[in-house]
Number of protein chains: 2
Amino acid sequence: MFTGLSAFPLTPMSEQGIREDEFVGLVQRLATARVDSIGVLGSTGNYMYLSREERARVIHLAVENAGGVPVVAGIGALSTRAVLELAEDAQKAGASGVLLAPVSYQTLTEDEVFGHYEAVCDALDVPLCVYDNPGTTHFSLSDELHGRIAALSKVKSIKIPPVAGDIEEARARIERLRALIPEDVTLGISGDPVAAVGLCAGCQAWYSVLGGLFPQRALAITRAAQAGDSETALRLSNELEPLWALYREQGGSLRVIATVAEVLGVVSSPSLPMPLKTLQGEARRQVEQIIERL
Amino acid sequence: MFTGLSAFPLTPMSEQGIREDEFVGLVQRLATARVDSIGVLGSTGNYMYLSREERARVIHLAVENAGGVPVVAGIGALSTRAVLELAEDAQKAGASGVLLAPVSYQTLTEDEVFGHYEAVCDALDVPLCVYDNPGTTHFSLSDELHGRIAALSKVKSIKIPPVAGDIEEARARIERLRALIPEDVTLGISGDPVAAVGLCAGCQAWYSVLGGLFPQRALAITRAAQAGDSETALRLSNELEPLWALYREQGGSLRVIATVAEVLGVVSSPSLPMPLKTLQGEARRQVEQIIERL
């Protein structure tokens with residue numbers, strides 16, 4: 001399950017809650033495209049901005065509409081208690097796996113983060129992917145800590161932050177981590193702009209924001225890389241450079257991809273929960289131009 | 001209400017929930033000491049680790065046991081929707097004021113943070129204190145943004161992060177901010193180690209972790225500073241230097257003060273919600289020695 005293309009859909013929101021029809025529409029696009037897994041309630045799916053009930057509902061809707069594609073659900077929260085409840089909810093709703101980031105308010109110690117993963121793994125029936133995203137969690141997992149956590153029996157994948165754009169440098173980073181973790185734990189790349197590089201450098205999965213909205217393009221990149229055709233994978237990714245440039249300018253993918261979805265009419269506007277806002281003014285015009293060009 | 005000593009009690013926790021008797025005990029100590037206000041559900045009160053129901057319960061218990069001392073309640077959350085619910089709960093439970101930090105998961109823009117405060121102020125009946133704590137929120141309020149937010153009619157105080165230890169430098173910083181905000185908005189210092197300096201340099205309030213456990217000592221420092229007796233205020237604070245050193249070593253006050261409360265037997269151990277842990281081993285022995293010496 002934690003290999004190939006894992007596509008992360010948005011959770012379209014109004015201030016009244018989830019726009020369920022639009023969310024179902026996004027999931028059905030992914031099911032039709034036959035992505036390898038659907039990753040709901042990632043950062044792209046606004047997991048930290050939803051209530052427990054809303055998170056259970058999102059997983060339920062995803063499983064119901066995934067056409068048999070495995071659904072992986074984000075269960076991150078600040079307290080271990082809350083994560084344990086979310087893990088139970090996710091399993092009951094039919095998630096095939098879970099994704100857990102060491103979200104923080106108080107700065108965490110390594111010992112605390114290990115204890116958090118250990119308690120959650122003890123209670124899980126499904127496999128877990130460690131979600132390493134220092135940009136949002138404000139906790140950096142050291143390689144040594146990755147090794148300790150990956151040795152827990154439920155851990156089957158690590159979603160790593162963006163690698164270097166240079167393929168040899170990326171390969172060296174991936175091999176360093178690979179040497180510290182069990183063989184059956186996959187490494188998956190996040191950060192769409194370097195995903196092709198990551199896959200060509202040895203990552204077995206792409207945890208993909210792009211794939212949540214454009215599954216065909218993301219699948220084409222993934223399948224080329226899986227077939228050893230680095231040239232095609234990198235070329236297909238490079239064609240999206242205007243989009244990657246916008247990710248960099250806007251400090252991440254969420255507001256950009258949500259704006260793209262709004263401009264395409266796939267979701268209503270506004271689609272992000274306040275205080276978050278999609279792009280307006282000049283940045284939105286840039287999005288419109290990029291969509292036209294691509 | 002947003003002047004003098006605002007004492008922030010811990011919310012003692014087990015993995016099953018709030019230890020209500022112990023929390024009530026902490027509040028009653030503050031009521032007996034006649035602090036100027038009681039600040040529940042601050043960072044010290046673990047607000048971000050509690051459910052909506054638990055947060056309402058904490059405010060209810062505090063108001064019931066405060067002996068007429070005003071209760072200020074933290075209402076921070078990631079989504080504006082959640083903050084609006086918490087604001088309503090706090091008002092219903094009898095809070096006299098609220099405290100709001102721009103908590104983030106996705107990095108926020110200035111525009112988003114302003115919109116967040118504006119929406120909350122529009123819905124509030126009680127006054128609000130802006131809680132500026134970049135160490136936990138990962139958002140730094142610029143002075144210009146402070147000015148815009150402080151102009152909202154419900155805003156009556158700003159809880160600022162630690163100032164420089166040098167009193168003249170602190171005074172300059174406070175005067176810079178003071179020039180940008182309405183006269184009826186107070187400035188309150190946080191960061192116990194520099195609180196005496198902050199008060200002597202012009203802050204009208206101390207949002208105090210120390211005061212949540214040792215109200216008499218914190219009141220003595222506050223009253224000396226309010227009377228213009230900087231020498232006494234600074235001396236009383238300097239006597240606590242071993243405690244301040246431990247705050248610095250442990251990256252903040254929460255784990256230290258929770259450990260002090262455990263060692264004193266005022267709360268049961270463990271008192272913090274997982275994944276957070278109080279100090280163990282050598283650091284705990286240091287706490288025991290400091291308590292003995294003081």
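Which residue of chain B forms a salt bridge with A:K277? The partner is B:D111, with the closest N and O atoms 3.4 Å apart; a salt bridge is taken as a side-chain nitrogen of Lys or Arg within 4 Å of a carboxyl oxygen of Asp or Glu. The pair joins two chains, because A:K277 lies in the loop between helix 13 and helix 14 of chain A and B:D111 in helix 4 (residues 110-123) of chain B. A:K277 is partly exposed at 32% relative accessibility, and B:D111 is partly exposed at 43% (buried means under 20% relative accessible area, exposed over 50%, partly exposed in between; 1.4 Å probe, protein chains only). Helices (H or I, at least four residues) and strands (E, at least two) are DSSP runs numbered from the N terminus.

The model is predicted: local features need pLDDT of at least 70 and side-chain atom pairs count only at pLDDT 80 or more, whereas totals for chains, interfaces and linings use all residues. Residues are numbered from 1 along each chain as its sequence is written, chains are lettered from A and ligands numbered from 1 in the order in which they are written, and side-chain values use heavy atoms, with hydrogens and water left out.

In the interface, 36 residues of chain A are in contact with 37 residues of chain B (heavy atoms within 4.5 Å). The copies meet through the same surface, since 100% of the interface residues of chain A are also interface residues in chain B. Six salt bridges are counted between the chains. One of them links B:R255 and A:E112, with the closest N and O atoms 2.7 Å apart. Helix 4 of chain A gives the most to the side that touches chain B, with five residues.

A:S43 lies in the loop between strand 4 (37-40) and helix 2 (52-65) of chain A and is buried at 10% relative accessibility. Its side chain makes polar contacts with the side chains of A:Y131 (2.6 Å) and B:Y105 (2.7 Å). A polar contact is a pair of N or O atoms within 3.5 Å; within protein, one must be able to donate a hydrogen and the other to accept it, and residues adjacent in sequence count only if both atoms are side-chain atoms.

In helix 12 (residues 241-249) of chain A, the buried residues are A:L243, A:W244, A:L246 and A:Y247. They lie on the same side of the helix because they cover an arc of only 155° around the axis, the arc being that of the directions from the helix axis to the C-beta atoms. A:R248 and A:E249 are exposed on the other side of helix 12 of chain A. The buried residues of this helix pack against helix 9 (210-213), helix 11 (230-238), helix 13 (254-264) and helix 14 (281-293) of chain A.
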